[in-house]
Amino acid sequence: MLKPFQVWLGLFVLLAMGTGCATSSITNLTPSDFPRFDSGLYRIEAAWRSNQRSIQEDTIEPVVIVGTTHYPMQPVPYAEGRWETMVPVKPDQEVIHYHFKFNFIYSAVPEGRPNSKRSPEYRLDIVSEEL
């Protein structure tokens, strides 16, 4: 007969094996500076990679957050794991600070649970061309 300690140890080992290897990463693909565009719109792009098999792929909802404003991202056509959006920058603004947040649902019992991963903050400089 198994002792309570052996049962708990076995459950711990199984849990560690099932969750210890799952990793997710967000890579910023946006240059650190752009020339000023007349449109005032700037493409912000990121790559998302995860080996966590329990993530429900169709529930991934990434956003770019600038201050308190969220800009939903769209998948980049023909590029797996890449996401982009256009962010407006005021004509007199020279810098924006932003980060990414990837919201998703992962499979759990009895039903899926929400989770998210957030990137560090990044800086984008808007450079005016001098003549």
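Among contacts in the chain between residues at least 6 apart in sequence, 63% join residues at least 24 apart. Contact here means heavy atoms within 4.5 Å. This is a predicted model, where local features need pLDDT of at least 70 and side-chain atom pairs count only at pLDDT 80 or more, while totals for chains, interfaces and linings use all residues. Residues are numbered from 1 along each chain as its sequence is written, and side-chain values use heavy atoms, with hydrogens and water left out.

**Confidence.** The pLDDT is the predictor's confidence in each residue, from 0 to 100. Its mean over the chain is 88. Of the residues, 83% reach 70 or more. Residues 11-18 have pLDDT below 50. Beyond near neighbours in sequence, that stretch has one contact in the model.

**Overall layout.** The chain holds one helix and 10 strands. Helices (H or I, at least four residues) and strands (E, at least two) are DSSP runs, numbered from the N terminus. From the N terminus on, the order is α-β-β-β-β-β-β-β-β-β-β. Of the 131 residues, 29% are buried. Buried means under 20% relative accessible area, exposed over 50%, and partly exposed in between (1.4 Å probe, protein chains only). The chain exposes about 9,400 Å². Carbon and sulfur atoms supply 57% of that area. Accessible areas come from the Shrake-Rupley method with a 1.4 Å probe; for residues, only the protein chains shown count as cover.

**Strand pairing.** Two strands pair if DSSP finds at least two bridges between them. Strands of a sheet pair through backbone hydrogen bonds, either parallel or antiparallel.

| Pair | Sense | Bridges | Example of facing residues |
|---|---|---|---|
| E4 (residues 61-66) and E8 (residues 95-106) | antiparallel | six | Val66 and Tyr98 |
| E8 and E10 (residues 122-127) | antiparallel | four | Ile96 and Leu124 |
| E8 and E9 (residues 113-118) | antiparallel | six | Asn103 and Ser116 |
| E3 (residues 41-50) and E7 (residues 82-88) | antiparallel | seven | Ile44 and Thr85 |

A hairpin of six residues joins E8 to E9.

E3 and E7 also belong to an open sheet of four strands. Its order is E1-E3-E7-E6, with antiparallel pairing. The edge strands are E1 (24-28) and E6 (74-75), and each pairs on one side only.

**The nonpolar core.** A nonpolar core is a set of buried Ala, Val, Leu, Ile, Met, Phe, Trp, Tyr and Cys residues joined through side-chain atoms within 4.5 Å. The largest one has 23 residues. Those with the most contacts inside it are Trp48, Val64, Tyr98, Phe100, Phe102 and Leu124. E3, E4, E7, E8 and E10 each supply at least two residues of this core. E8 gives the most, with five residues.

Thr23 sits in the loop between helix H1 (4-19) and E1. Leaving aside neighbours within four places in sequence, Thr23 is in contact with Arg49, Ser50, Asn51 and Gln52. Thr23 and Gln52 are 29 residues apart along the chain. Their C-alpha atoms are separated by 6.3 Å.
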